[in-house]
Amino acid sequence: MIDTGDTAWVLISAALVFLMTPGLGFFYGGMVRSKNVLTTIMQSFFIVAMVSVEWILLGYAMTFGTDINGFIGSLDKIGLAGVGMNVLENGTIPELAFVAFQCMFAVITPALITGAFAERMKFGAFALFILLWAIFIYNPMAHWVWGGGFLAGLGALDFAGGLVIHILSGVSGLTLCILLGKRRGYGRTAMLPHNLPMTVLGAALLWFGWFGFNAGSALGANALAANAFVTSQAAAAAATLSWVLAEWKINGKPTILGAASGCIAGLVAITPAAGFVAPMPAVIIGLVGGIVCYFAVAVLKEKLGYDDALDAFGVHGIGGTWGAIATGIWATTDVNPTGANGLFYGDSHLFTAQLISIVVAYALAIGGSYILFKIVSLITDVRADEAEELTGLDIVEHGERGYSRSVLTGSPMMGAFEDSSEMLANTVMHAAEKG
């Protein structure tokens, strides 16, 4: 029987998760330079439309269609064929409510990747890559974990997307930013966030929407949803504290960008574990998540020299990896009888399954993204050239500018000043390189 309370909660949760992708646009948009703010927001906004259509036509069938040898769903539900008002199998909600909820997961996952290659990828190449990525990387991985695939058979647990969403998107983002190369002037020219209040607004929308993301994954208005709600808040708050304290200790100043990044790191880390762990382990997961993600952003990226522009890998790849491992440590059937006990409760099987699943996610993200990038490169230009990058993708790709005058000085020349300053810095850099 359909339960109206469960149905209402899942539909509300779907709306909350929908809000996260435009919120991500603001979160990322505030961190880029002003000449790329519209491009960055546009990427998230466009993904909402493109991936939603793909999900209805093909994605749901590939992910939740009848399993084929643990690898992919059959196409028996292509175009949502046969999906009507019927109750979800072993559930209390209409299958269409589940379609809507999972659609929003499919939407936000590729949007997370855009933070890694911000400010340098052409829009046509971006759209083609993301569409292919959704079909050939996200859909299979989601089936392997959530749709009855081989990782589910192995015993892997991922309550709301640490493996499927955060590792997959973060590692794919790292792969893509390395293949694209660094932004021109990276490491020599200041590339500071142009609007931190916008970033904080985006972080707040993400934090708000994440309750639907995690608690909604209980697929009902029940005790498990309440547990996921509390563990999500506990981890986000703990990670905010640990990130800020770490940067305060190391750099001497606590920053609002650090606080915003910390809360997202904590939410990422708890996502796979939210419906399997108790509140106190969630605090530990958040505390550790904030610290490891901070060092991934502040130290690892600098040491290895890759240009993950908005730290998609540092937060989502690293945070998702830690969360998947933590699930294997603190998951307990006392919280979720359909789950398993982790190392802390005397069982090593789940921990082993989590490690194997992490390796599979990394391999799929790296190998799949590399292949898709090469395919897209054969079809269209992928990277903006030097002149386009200096001008800014807002003008070059979309014919628009985010601001007609500076919010700081009121000067209509501020955008031109920013462009001229960067152009001068790059001219000096090229001259120095030529001796």
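Guide: Happy to! Let's take Asn90, which is exposed in this predicted model: the relative accessible area of Asn90 is 81%, and exposed means over 50%. Asn90 sits in the loop that runs between strand E2 (72-73) and H3. The backbone deserves a glance too, as phi of Asn90 is near 60 degrees, a positive value in a residue other than glycine. Most residues other than glycine have a negative phi.

Asp311, however, is buried, because its relative accessible area is 16% and buried means under 20%.

Back to H3, the helix at the end of the Asn90 loop. The largest pocket has a volume of about 1,100 Å³. Of the 33 residues lining this pocket, the closest to its centre are Leu88, Phe98, Trp146, Ser217 and Leu219. H2, H3 and helix H4 (123-146) are the elements that give two or more residues to the lining, and H3 contributes the largest share, five residues.

H3 (95-113) is also among the helices that cover the buried residues of H7, along with helix H1 (4-29) and helix H8 (223-251). The buried residues of H7 include Leu206, Gly209 and Trp210, and a kink of about 30 degrees in H7 is centred on Gly209.

Notes. Residues are numbered from 1 along each chain as its sequence is written. This is a predicted model: local features need pLDDT of at least 70, side-chain atom pairs count only at pLDDT 80 or more; totals for chains, interfaces and linings use all residues. Side-chain values use heavy atoms; hydrogens and water are left out. The bend at a residue is the angle between axes fitted to the seven residues ending there and the seven starting there. Helices (H or I, at least four residues) and strands (E, at least two) are DSSP runs, numbered from the N terminus. Buried means under 20% relative accessible area, exposed over 50%, partly exposed in between (1.4 Å probe, protein chains only). Contact means heavy atoms within 4.5 Å. On a 1 Å grid over the protein atoms alone, a cavity is a set of points where a 1.4 Å probe fits but cannot get out, and a pocket is an open set with protein on both sides within 12 Å along at least five of seven lines; lining residues have an atom within 4 Å of a point. Grid points are joined across faces, edges and corners, and a volume is the space filled by probe spheres set on the points.
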